[in-house]
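Thank you all for coming.

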Amino acid sequence: MSTSDFLLLVILVAAAASSWFTSVGLVDACVPKEKEALLEFKKAITIDHDRMLQAWQPDEEDDCCQWDYVHCSNLTGGHVVELHLGDYHGSGGLTGEISPSLLSLQHLEFLDLRGNSLQGRTGKIPEFLGSLQSLRYLDLSLVSFSGSVPPQLGNLSKLEELRLLGAGVQMHSTDLWWLTHLPLLWNLDLGSNNITGPFPAFMGNLTNLRTLDLGVNHLSGHLPSEISRLAKLTSLDLTQNYLLDGLVTEEHLDGLKSLDHIDLSYTNLKIMVYSKWTPTFRLHEAYFSGCEIGPLFPAWLKLQVNLHRLDISNASINDRLPDWFSNTFSKVTYLDISNNQISGGLPKNMDIMSLEVLYSSSNNLTGQIPPLPRSLNFMDISKNSLSGPLPTKFGAPNLDIILYSNYLSGQVPTSICELSLWGLDLANNLFEGEFPQCLNMTQMAYLLLGNNSFSGSFPPFIRRCTNLSFLDLAWNRFTGTVPEWIGSCRSLQFLRLNHNMFHGNIPNNITSLTKLYHLNLADNWISGAIPQHLSNLTSLTRKFALDPYSVPAGFQNTVGDLSIDIKRQKLNYHGAVILELLSIDLSSNYLRGKIPEEITSLGGLVNLNLSHNQLDGEISDQIGAMLWLESLDLSSNHLSGEIPSSISILAHLSVLDLSNNNLSRRIPSGGQLDTLYSYMPSMYDGNKGLCGPPLQQTCPSNNIPVHGDDEHYSKSMSFGLGIGYVVGLWVVFVTLLFQKTRRIAYFLLLDKFYDKIYVFVAVTCRLFTRKADTS
């Protein structure tokens, strides 16, 4: 337990004792003037979400020392000494303003208003709080004030703790000079505000400080050497002050003899100390992510044997892990060494460590995975050069593993089934063979096996994973059919099976996956029709909006980088961002039939790719209802008819491909259609019946089929003439066959026609003979 936590515990115990004294009548009754002040405070509250002040009533017999959240002290004659009104549940707490009636509580030592909406009409921290001379503890965190902190708070000479975390104050660091008038201050929580300017050098004068939190602000410049005067400081938090830069040397650190917790992460500070420097402190927690502490692995950490949490990620380390690594950090439960250039192998004696969480991704680690600590429950060693097979025994029964983008090979051992896995990412490796049938993996939420050489049928144990949210089997050699029971995996949000050898139909009950955001079955041998009832995919019917309660725990940490084909390019996504890409890709299969009309109800889709199939029929006139489409590819099918004019409504469309179909007539215009052609001139190729801008082929005013339709028109005319000729002959034949008078008349007509032809030919021949004789 830290010093600050201990002191807070003492205060809370004292408050509880005071409350007990009051309850048994050992404390004087509430002072009437102070009771009236509390009632005035209540009047300034417009909304009491949790009914915190419901018991505060003006009845004469009501003792305010018995009210909820109010504590009096027998040492002060029954005066109110503490108000515990902080909202720690996020339920809204109190809304209104802080009443100046509190000035009547001159013995008030403890005031907690954390998390309430008490900024009032001005939105500023009330100046009159500086007149509560007895205050020792003041917490205004998360109240969303505006403006600066009033310097009148410097009058609170007895103040020991000041907490303004996330209070929304906006001030230059030099405006904090009033802090120098608070000699007893040991806990200062100014984090997550809008403090700008250089790190205040006068902080070094607050020699009683134990806790200093200036994290998540906009401090700039160098860290002053005066900070070394804070010999009692146990916790220093400067995280996410991106403008802080310069060197941190022994001169800054030697005086911090009591330091237990340090967080300099996400600053641009560079820690440069002598290789043989011996720190005067013993840390329990150290966070240096984003600082420069390399290129060598920091030797001064060898003496930090009490560390429990260490983050040296993205710290410019270009070195091997030292021999003392496992022994020195044997107590570490959380370790992050990711995003460096650490080479060599993982320590062979890692199993002696107390690790629970290990991040070592994006390094140059080689070799095989050594025996692991039994306590380990999460390990990310992705994006390295680890090779060889997985261990036959993992040794950690509750382990979640992220191993993507290595050179691990061979078959996955059956021992992996012994793990109570929540997530497993083996993507982008060299694994082969069938995945073990782990029937006890019922808690699995993430399974990523993409881009390996796994074979066999669709893993049947997945049916038992009722919590499965993310399934990626893409780019493998899986065969067989997509099972009918896939529709019972109701938690699925991401389903990627592309580039395998699945065949058969798409299961109709796949439309039961109401939580699905991403479906990819591309490049398989799937045939049959696209399922109906697509409107049941309700997560695709509306624009994406991340619901934190719908994303299973660990999503951001478990789901690694994924490469998605969209907009004719491969785009990389990481973590929850992938869910924003609402997508259906069924391309490069053998699908037949019409595109279901209901597909236009999926109004949240960003990407729709049905290309390279054998789909026919027309494009729905309702395509314009898919307002968020950015990429639409229907190319290389047998689609016919006109291009719907509503397609011009799609204002977000940046890729459109309708090439190699049987589309005809005038191309619609307007909206994105007027610009897309210049970026993608092949978007209408292979549709011989299309005409009008942007093509060179003009459309006739009478709308007679043109250009490529000539062949179709000629075939139609020939077919029609043939039919007419046959029908005409049959009409004549039937007439002559069944009506005698017409049959006689018909032959008489032929005789007359024959006589005329004979006379014409005979006369003509004689004329030619005479001309020949004369010549």
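**Disulfides and a sheet**

A disulfide, meaning a pair of cysteine sulfur atoms within 2.5 Å, joins C691 to C699, with 1.8 Å from S to S. Please keep in mind that this is a predicted model, in which local features need pLDDT of at least 70 and side-chain atom pairs count only at pLDDT 80 or more, while totals for chains, interfaces and linings use all residues. Residues are numbered from 1 along each chain as its sequence is written, and side-chain values use heavy atoms, with hydrogens and water left out.

The torsion about the S-S bond of C691 and C699 is about 105°, so this disulfide is right-handed, and both cysteines are buried, that is, under 20% relative accessible area with a 1.4 Å probe and protein chains only.

C30 and C64 form another disulfide, with their sulfur atoms 1.7 Å apart. C30 lies in the loop between α1 and α2 and C64 in the loop between β1 and β2, so the pair ties together parts that are 34 residues apart in sequence; helices here are DSSP runs of H or I with at least four residues, and strands are runs of E with at least two, numbered from the N terminus.

By contrast, the sulfur of C465 is 7.7 Å from the closest cysteine sulfur, in C489, which is too far for a bond.

Turning to the sheet, five strands form an open, parallel arrangement in the order β8-β10-β12-β14-β16, where two strands pair if DSSP finds at least two bridges between them. β8 and β16 stand at the edges, each with a single partner strand, so one side of each is left without a neighbour in the sheet.

Definitions and conventions:
Buried means under 20% relative accessible area, exposed over 50%, partly exposed in between (1.4 Å probe, protein chains only).
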